[in-house]
Every structure is written in C-alpha cells, then in structure tokens.
Amino acid sequence: MQAIRHRHRTKFIVVLLTLLIAGTTVPSFVNDAYADDSWPTSPPAAVCSDSRLLSGPSVAPDGAVIVPAGDNSSFNFNRPGATFWFETGTHTLADDIYGQIIATANTTYIGAPGAVLDGRNINLYAFTGDVPNVTIKYLTIKNFGRGNDNHNEGVVNHDSGTGWTIQYNTISGNDGAGVFLGTDNVVSYNCLKDNGQYGFSMFKPPIEGDSAIKNIVLDHNEVAGNNTDNWEAQYPGCGCTGGGKFWDVNGATVTNNYIHDNKGTGLWADTNNIDFLIEGNYIDHNDGEGIWYEISYNATIRNNWISRNAWVSGNNNQGSPGPAIYLSESGGDSRLASTVSGAPKIRIYNNSFVDNFSGVSIYENANRFCNSNGNTSKGYCTPFVTPTLIDAEQRNYDYPNPISDTHPCYTDIAGEPYTTDCRWHANNIEVFDNEFHYDDQVVPCAGTYCGVQALIATGADNMPWSPYTVAGIQHDVMFENNNSFHDNQYFGDWRFAKGYGETVSFNAWRSASFNQDANSTFTGDPDNGGSAGGSNGGTPPPAAAANDLDADTAGLEESIGLWQNWYSGNISQSAEEAHNGTHSLRVDITDPWGWGVQTANWPGFATTAGVKKISFWGKLGSGTSIQPKMMVKWLDDSHAVLQTNEVVLPVLTTAWQNASAVVDAPEGAATALVSLNGLGNPGDYFYLDDMVVGDAPNAIDADTAGGESSAGQWQSWYSAAVTASTNEAHRGSGSLQADVTDPWGWGIQTANWPGFEASAGNKRVSYWAKQGAGSIFEVTLRVKWVDSSQTVLQTDLVPLSGLSANWQQAVANIAAPNGTANVYLEIYNPSGVPGDSLYLDEIVIADAN
C-alpha cells in the first residue's frame, strides 16, 4: 500500500512544516486514534519462542516469599500484599480438582527461570478469587483441566478480578481459556498457546445499564493454536471457540499481538462491547475469521496484517462469506464511549489483507434484536432501552414468541424510540485505505464466496410481532445506515455481495445504486460478478434436452421416419412447407369421420419418468376448422398404459402455430407411444413439424435440480445446511438434504445471484419433497424473476404442505414477466428445530409455451 501510505505521510509533512514555519507548537500525536502507522510485516510478538523474554529473575526480589519447587498443596498463599517467588522447577497443588491458588488482594506471583505451575490434568484452575490488583509474571502454567473441562471458564484469573496484571507467562495446554480478564486488566507479553477453548476470554455477570468489564489492555501476546478441544463440534453453533473472546466490555486496547493458527476465530468481540482499538496486530492462518465484532459498538481496526484466515470456516459454511473481518449487527453510535476507538463509528483502515477466504463482511440479521429468540445472547438488550437485561424468570424460549411479553421491546417495539433502539445495527461503518490481496491459486476455495466483500442482510419474515422485515433491513444496511467502502486497493478478482449475498462486479458495486468504493483501484477483472463470472453473474443455461423421438420422426428431414397412416389419411414427407429445416409431414384427409396417424414402433420410443415436454407445430394447407391433436401414451416394461397426455393445436391457419405442454411422465414409464389425430373433410390437408416428446429443458442445472453429484448452486441462507445426499431420491440416486440448525425457521438459496438464465413467458415450476428426521410439515419455494439490471420484477411462491415420509410434489403454472433475464430460487420454512431434515428432488423450471 505504498501509494496510500505515501499520500498520508505527505499530508502530515505539509502540515508539520506549516506549523513549524508559523512558530506554532506541534501537537502530540501519541495515542491519537487517527495516527497512521504502518502494519507489521512480521509478527510483532513471537514470544512463545523467546525464552529470555519469558524468564523471570533468578534471585528472589527483596522481601519476597519463596515458594519451593515440588508439592505446594500445604503452602500458605493467604498473605495479602505479599510477593511470592516460585523457585525453578515444577510446582504442584492439591490432589483434587479444586487444588488452586486462591489469590488475595494486592499480591504478586513471580516465577524464577524454569518455574512451572503444573495442574497435572488433576486441578481445574490455577489462580482464582475475585480480588483486586494481582500480578502474575514469568510462570509457565500448564495442564489444568482433565482433558475436556472448563467450558467457558478460565484457568488464570478464573473470576475476572479487577486490576490484574498478567505478563511474561507461558500459559498452555490447559482446558477452557488460558486467561480470564476483568476490569482494568493488563495482559501483555504472554504465550497463550494450545489451550482447550481460548487463549483468553472473560465473563462477569451482566449489570443493568452498564458494562460488566471495563478498560482492558492486551499487548504483545502470542495467541496460538487454541481450541484444541474443538468445542464447536461438541456444541454446534455455540460460538465459543478461538484465539480470544471479549464479552460485555467497555474500553479495550488490543495492540501488537501475534494471533495465529487458532482452531476458530482469531479475535472475537461478542455482545455489547464498546470502544475498541485493534491496532498493529499480526493475525494469520486462523481457521475462522481473523476478527469478529458482533452486536457491539464503536471500534477502530487499523494497521493490522490480516492473512490466510477463514480457510476452514469458509469452506465448511459455504452459505455466507468466510471473512477476514466480520461485522455482525455492529456499528457506531455517538451516545456511547469512543475515547479508545477515537470516533463514534466503526473504522477499518490502513490494514493489509492477504489471501483470506474473503474480505470484510458487514451483516445484519433481521430477526436479531433485543427480546427476540432470534438473538443468541438471550438475556441481553442494547444499551439504549430499559431494562437492558431480561429477567431470567420471565424468559420464554419458544420461537417466534418474544423472550418476555412485558419488556418494552415487545410491548412498544412498533413505535419510536424502541423501533430503532431495540436493534443492534450495522451502521456508521467505514472501510477505507486498505490493501486487499486475493490469489485464487493460493486460497483453497469452495462455494461462491471466495474473494468477496459483503454488505448484506438476511433473516426471515416469520415473527408476526416484529416491526422489521428482511427487505427493510437490507435496504437500510445498503443505503441508509452510512456504511461505506472507499479508497481501497484491490489485487485479484474480487467480487462484491449485496442483498441476501448476491454477488456483483466491481464496476456494478461502484455504480448506482450501490455507489461503493469511490476512489478505489482494482487490478482484477472489474466485470467479474456472479459465481459464474460475467457482468451479470448468473449461470449459463443448460443444453437443450434430447428428444425421445428420432430425428426423422421429429423433423422429417431425411425421411418420413416412423410415421404411418392409422386411418382416413395419406401421409408423406413434404418439401412444400417446413417450420424448421426443409421438410415437414403432410397429412391429406380421405374420409369425413376424422383422421389419424401413428408411429410404427410399438411399444414406442424409450423414455423415463419425470418432467417432460410434448410439443408440435402445424400449418394449414387447405380446409377449415382443423385442430390436430398429439397424444402420448406412457407404457411400463410390460406394455401397460400408465398415463395418457395430449396437446391440441389452435385452429390451423396459413401461419405456423405451436401447441405444447409440460407434463409428468409417471413412475415406471419405459416407453412413449405417439399418435396424431383430429377431424376434417376429404380433400383437406395440412403440415406438421418439429414433434417433441422428451425431457423438459430445465432452467436449473442438474445438480441444483436434484443433488445427483453435488449440492449444485444451493447454499445455506439461514439456520440450515444443505448437502447432496444418497439417503433418499425421488428419482435417480440422490437428492438434496436440508438440515435445520436453529429453532427459529430455516432457509436455503441458490448461490448464483442473479440466478439462472431465463426468459419471459409461461413457466411450469415443480419440485418434490419429503420429511427426513423430525416433523417438518411444510415448505415453500420462492421464485424471483430478475431483469438484466438485477432488479426483481416479480416474486412467486410455490408452497407444499402436509409433508410426510412419502414423496410429494408441488406444481405451479407461472407467467414470468416481460424483461425477465434470470430466475433466482429460495426454499424456506418458518418452523423447525435443530435435527430436523427435509429431502428435495427434481426442482424444475421449464418453459410451458
């Protein structure tokens, strides 16, 4: 980012010279949240390998109490204000799970070189006690917890005591979090490595109208390899893993840390965190997001190196971007503190992003707000309503009901100020002066969201008492909430997601109506948009389906094919007229009681069950009131007729006309027997051409339609996972399986905005579904018809209710509006609980013209 840094520095030098010439005192820029330093190009805190840094004094400090190596279970640590010096060697505590050091106020614990406090996988915690002003330095603290303990608990400062200083320690191989933080804590120059859940975390019981923890500093720590117990696998969706997690904190300075290779998110701030500065950190190769700032406020994220993050989470959850920085329902608010962050907004600037799964995601869920069961932080509200906490005894966890029916974020939520203040908003966010590098040859990419910047919102309109809609929140996040990308440098083929996550090109992103990334530069393809590329995105249409009829029987180009006279007619291959090509079938009527022709290949053409198109063209030669009819009989292997379908031409004229229908060939269909018949008078004649009996061309590609080889373009929309499954199939060997992950409804959608190529006209939309596990009773397919500018012209719903363990079909005939260029699909249901599943198969959108 040399050009950008040079621009800032030039401006500073000009101002500095002006002030010096004028004799004005130069102001101090120390601790200024707008200072413009460079990001680190190498880890600033590789402390785990620095034995000299982590080694304490070899001689006990004056007045210190010496703690001998060995068994310290009987040692008297109850000496408030004392300094304890741990001798070189291994120190152990009592032989039970609650063997621990109960800290006392104003006490210091220092290790000599090689001093180790070993929990032996017997003791749960190392240092406990909600007391102030404790200092812990130069100790190796390891093996606390018995292998799967301390979920959401900490080993050092277990009770989040106030005023603790934790420095120059190696805290590794413990269960839970290596360190817990409390108000006025300083955690610096530590190696926080390979702990079971987090390197660091924190929790204090919430306080009505205030933050539980205030004023913390994390500086020059190495936080690496944490979440060795893989808690997300034990509690899916717990949101409880990674390098470190902040909870309900007001004022945090997070600087110059090396955060890498954690089995989850690197830095995660979750629930009413306020006023953060995240600066000068080297955040690399974490399985999840590099930084996640969730339902929180006012932060500056600057001068960080952020690389190779979210490779695992991005590939595991292909329904949304796996971002380097994730801003989820977070924004700026001038009513809250901004002393540390420097501004009442969220600013992401002067960072280097290198080969992360994606870039910056700004996101809001329409169902996530105070008192909603769509909010995972159930008892918390925003800082702007009273009460800010929901009494545990009043809570109702049945979705879509409110958690409390007496809280103003239910009783008064339809009016201001509650409509605004009951939500956490993605607002007042600036992403600028960053370098974004993405190399698709380096990043292991699956799905459609690799190399994406996002400004999106999702959810479901399934809470009758909620004043918020998905469309309204999407509009606000994109256009009304003062969110802006600008003055960035992009290297590689980046794409940009809006709405539900539909991707558009750089040129579209910069143009009306989005108007993002003003003054930004781009070295990739600026017209690389949707998942299949191209300026409009979308997916190319599949090749036309094959016709069950052979070429001559269908088009009569080389011969009369298999057509033969049935009754009262003479037939011939004719070069007099043709709808396509050079020939057609001429029918001369010989008797007054009707006519018929048929194919001479009993029991017919080989076929299969499924959605079929039957179609033919006709033109008058001579006569009146002639209406030819095509009849198709579907036969099984024993030649029994399973079903008959027919299609009738309009009264013939001297212009070619078409008759067609989309039908379902029944299960067991093996052959299709075709005939033509109608009424007329002797001497009348007419022409027929382009007879079709075959699979209906589907606007949707094969995998997306039926999950035969993969899940195709399907991705999670919310609260669901979608996979190709061989457990069930209505036809073929596979289907699509949707698994519900949360209790407030679910949805899946295609990942190829603006969708599959389509055209205006009559369509036949159909799909099959059946219950898997649980009892999902109904499902809805939502079809969006989109024009070439990616505007939704029309939305149609195709519901299916009364689902059971048997396959059932939904069918709808829909007129796609004029201007249609694409069709986009969503499948959803307002109910369901984790563990429920549903199978879908044969999703077809076919021309019915």
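**Notes on the predicted model**

1. Within strand β51, D695 is the bridge partner of K612. The two strands concerned, β46 (residues 610–622) and β51 (residues 685–695), pair in the antiparallel sense over 9 bridges. Strands here are DSSP runs of E with at least two residues, helices are runs of H or I with at least four residues, and both are numbered from the N terminus. Two strands count as paired if DSSP finds at least two bridges between them.

2. The model is predicted: local features need pLDDT of at least 70 and side-chain atom pairs count only at pLDDT 80 or more, while totals for chains, interfaces and linings use all residues. Residues are numbered from 1 along each chain as its sequence is written, and side-chain values use heavy atoms, with hydrogens and water left out.

3. On confidence, the mean pLDDT of the chain is 90, and 94% of its residues reach 70 or more; pLDDT is the predictor's confidence in each residue, from 0 to 100. Over residues 1–36 the pLDDT is below 50, and this stretch has 44 contacts in the model beyond near neighbours in sequence. A contact means heavy atoms within 4.5 Å.

4. Another open sheet of 5 strands has the order β53-β54-β62-β57-β60, and its pairing is antiparallel. Here the edges are β53 (720–725) and β60 (808–816), each with a single partner strand, so one side of each is left without a neighbour in the sheet. Neighbouring strands are turned by 25° against each other on average, direction ignored. Strand β53 is joined to β54 (residues 735–740) by 6 bridges and the two run antiparallel; V722 stands opposite A738 in β54.

5. Strand β35 (residues 452–458) is largely enclosed by the rest of the structure, because 7 of its 7 residues are buried. Buried means under 20% relative accessible area, exposed over 50%, and partly exposed in between (1.4 Å probe, protein chains only). In a regular strand the side chains alternate between the two faces of the sheet. In β35 both faces are covered, with V452, A454, I456 and T458 buried on one side and Q453, L455 and A457 on the other.

6. Strand β35 has parallel pairings with β32 and β38. 5 bridges join β32 (residues 360–365) to β35, and I362 has L455 as its bridge partner. Another 5 bridges join β35 to β38 (residues 495–499), where Q453 stands opposite F496.

7. Which residues of helix α7 (residues 470–480) are buried? They are V470, I473, Q474, V477 and M478. Seen down the axis of α7, these fall within an arc of 120°, so they line one face of the helix; the arc is that of the directions from the helix axis to the C-beta atoms. On the other side of α7, A471 and E480 are exposed. The buried residues of α7 pack against β32, β35, β36 (483–486), β38 and α8 (506–510). Just after α7, N482 takes a positive phi of about 60°.

8. The count of salt bridges comes to 25, each being a side-chain nitrogen of Lys or Arg within 4 Å of a carboxyl oxygen of Asp or Glu. D130 forms one with K204, with the closest N and O atoms 2.9 Å apart. D130 sits in the loop between β8 (127–128) and β9 (135–137) and K204 in the loop between β17 (198–201) and β18 (213–219), 74 residues apart. K204 is buried, at a relative accessible area of 17%.

9. D664 and R764 also meet in a salt bridge (2.1 Å, N to O). D664 lies in β49 and R764 in β57 (residues 761–771), so the pair ties together parts that are 100 residues apart in sequence. R764 counts as buried, at 5% relative accessibility. Elsewhere, salt bridges that share partners join E294, E329 and R368 into one network.

Key
Axes are lines fitted to C-alpha atoms, for helices over the stretch in contact, and angles run from 0 to 180 degrees between N-to-C directions.
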